[in-house]
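This report describes selected packing features of the structure shown below.

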Number of protein chains: 2
Amino acid sequence: MHIDQDHWFTEPCEEGGSAFSLRLGPGRKLHEEQTPYQRIAIYDTGYYGNLMVIDGFIMLSARDNFLYHEMMAHPALFTHAAPRRVLIIGGGDCGTLREVLKHPDVELAEQVEIDERVTRLAEQYFPELCTANDDPRARFHFTDGIRWVQEAAAGSYDVIIVDSTDPIGPAEGLFQEPFYRDCLRALGPGGIIVQQSESPLYHQDIIQGMHRAMAGAGFDTVHTLYFPQPVYPSGWWSATLAGKGVDLCSFRREDAAARPFETFYYNEDVHAGALATPPFMARLLSSQAGG
Amino acid sequence: MHIDQDHWFTEPCEEGGSAFSLRLGPGRKLHEEQTPYQRIAIYDTGYYGNLMVIDGFIMLSARDNFLYHEMMAHPALFTHAAPRRVLIIGGGDCGTLREVLKHPDVELAEQVEIDERVTRLAEQYFPELCTANDDPRARFHFTDGIRWVQEAAAGSYDVIIVDSTDPIGPAEGLFQEPFYRDCLRALGPGGIIVQQSESPLYHQDIIQGMHRAMAGAGFDTVHTLYFPQPVYPSGWWSATLAGKGVDLCSFRREDAAARPFETFYYNEDVHAGALATPPFMARLLSSQAGG
């Protein structure tokens, strides 16, 4: 089988010795630009619909982003006792924001994305993710998320969602202890941070490092969620939660079951299931417990 | 990125407009043969170790088969009240058999694989999966699984595991109502069948058809499990259970927690989590409830 560059978009993954390819549709490459921060491309694929690629890495497809976006938003929001003020770092495609704003009790959702072009291109090529952008509770800041959190008033957020690219390039600082310390300060009591933490199969070092850095920053509970995400390397992904005086393994189950909005992947049983830690991950993460 | 045939093995997936590639290691193609049933190839890959491919479709890799094999064996065995007699249809690589024989109370595990060469090649290239092949409780029959079940004495098995290739070619009959009717007869009271049921993202028609056919055959409960499987199309996979007077959503949780053997993915929490039905699948599967 020959996967040529004219008819396929391919993302190789060095860590896994693997590659994932999507066959292009008639529109092929719909757009490409170099922003001050990164190179963004939009492809037309067949089954997966529009595809956003940043610096060669798949960010999202129209078809399967529901998995990631629902899992970045709802578990954290249904774990917090009463989330009103949500900060999204990154998340320029607005899919996580849309899910956050499905919660009627959220009063403010601030999105701090460094690259405004991600959001403008999402509005153009993924309008279905941007349906909540005009919600009066949404505020957009196109600036550096690390500095935003440094400068945030103490206790000013209930939930911080770190919806970033991989821990290389501009997002690197978002995976480090000083950032988590600032997040801890910016969160009120009972506050929660949730961050995408890569593949449980390929990136165990990243997940382990995140646990260590979040605990090192002073979060008293850290727990990783597992979920499928076909367009990301290995097709299996994770998000890691850290809490400020919160039991991350219990959540507002009845509220999740009675949620007044539609979801495709998330429900109360999926939430509980995503909390299950496979033994190989439990062994990995407990091996650092003393350190 | 150029994925050439000399340095990569690629499996395209028509349904998803996607392709998954693994970079070959120094051994490249270790073996290839045409058997009376199918074409079997073994590749040396980097991260994923040895890879078995049948008729161009990836069957398993050394690295990630633990996900599939554990989920094909343990949920069914910990749902049955007291499984003693297990039948495996297909499963020639012996990975499922190995998991089944980890259960000390299993007295007999019969494996009916149509193509003996699959097992012989597994012994050679995946010896770690074949460590239980000499167990006196294991019996191998290299013959047609459909006929085996037709001729089985009524009530002769507690659990039937259908660990087959995709529903095209020799395995097609394993996805049809007459086969399930024979399985129902061959199972004792409280018996369970479990079958791999493809990707929840790509193959909803197959999962829906399996539910319909199992219910049509007379199983009173049918339930699908979800789990990651990186080398299969979309990286997200499923297995569907059907029961003969069994609540498939409850299981011997304490026994699963106290299991006297090592697992990498399966535990009692992962089992419960795999039972969670995402809303999009619930809507799909309930839409046929009246039919």
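## A helix pair in chain B

In this predicted model, Gln204(B), Ile207(B), Gln208(B) and His211(B) of helix H6 meet Phe280(B), Met281(B), Leu284(B) and Leu285(B) of helix H9, contact meaning heavy atoms within 4.5 Å. By class, this contact has five nonpolar, three polar and no charged residues.

H6(B) spans residues 204-217 and H9(B) residues 279-286; they pack at about 50°, with axes 10 Å apart. Angles run from 0 to 180 degrees between N-to-C directions, and axes are lines fitted to C-alpha atoms, for helices over the stretch in contact.

Seven strands form an open, mixed sheet in the order E8-E7-E6-E9-E10-E12-E11 of chain A. Strands E8 (138-141) and E11 (221-228) of chain A stand at the edges, each with a single partner, so one side of each lacks a neighbour in the sheet. Pairing requires at least two DSSP bridges; eight join E11(A) to the antiparallel E12(A), residues 236-243.

## A helix across the sheet

H5(A) lies across E6, E9 and E10 of chain A, at about 140° to E10(A). Its buried residues (under 20% relative accessible area, 1.4 Å probe, protein chains only) include Phe179(A), Tyr180(A) and Leu184(A).

## Basis of the values

Residues are numbered from 1 along each chain as its sequence is written, and chains are lettered from A and ligands numbered from 1 in the order in which they are written. Local features need pLDDT of at least 70, and side-chain atom pairs count only at pLDDT 80 or more, whereas totals for chains, interfaces and linings use all residues; side-chain values use heavy atoms, without hydrogens and water.

Conventions: Helices (H or I, at least four residues) and strands (E, at least two) are DSSP runs, numbered from the N terminus. Ala, Val, Leu, Ile, Met, Phe, Trp, Tyr, Cys and Pro count as nonpolar, Asp, Glu, Lys and Arg as charged, and the others, Gly among them, as polar. Buried means under 20% relative accessible area, exposed over 50%, partly exposed in between (1.4 Å probe, protein chains only).
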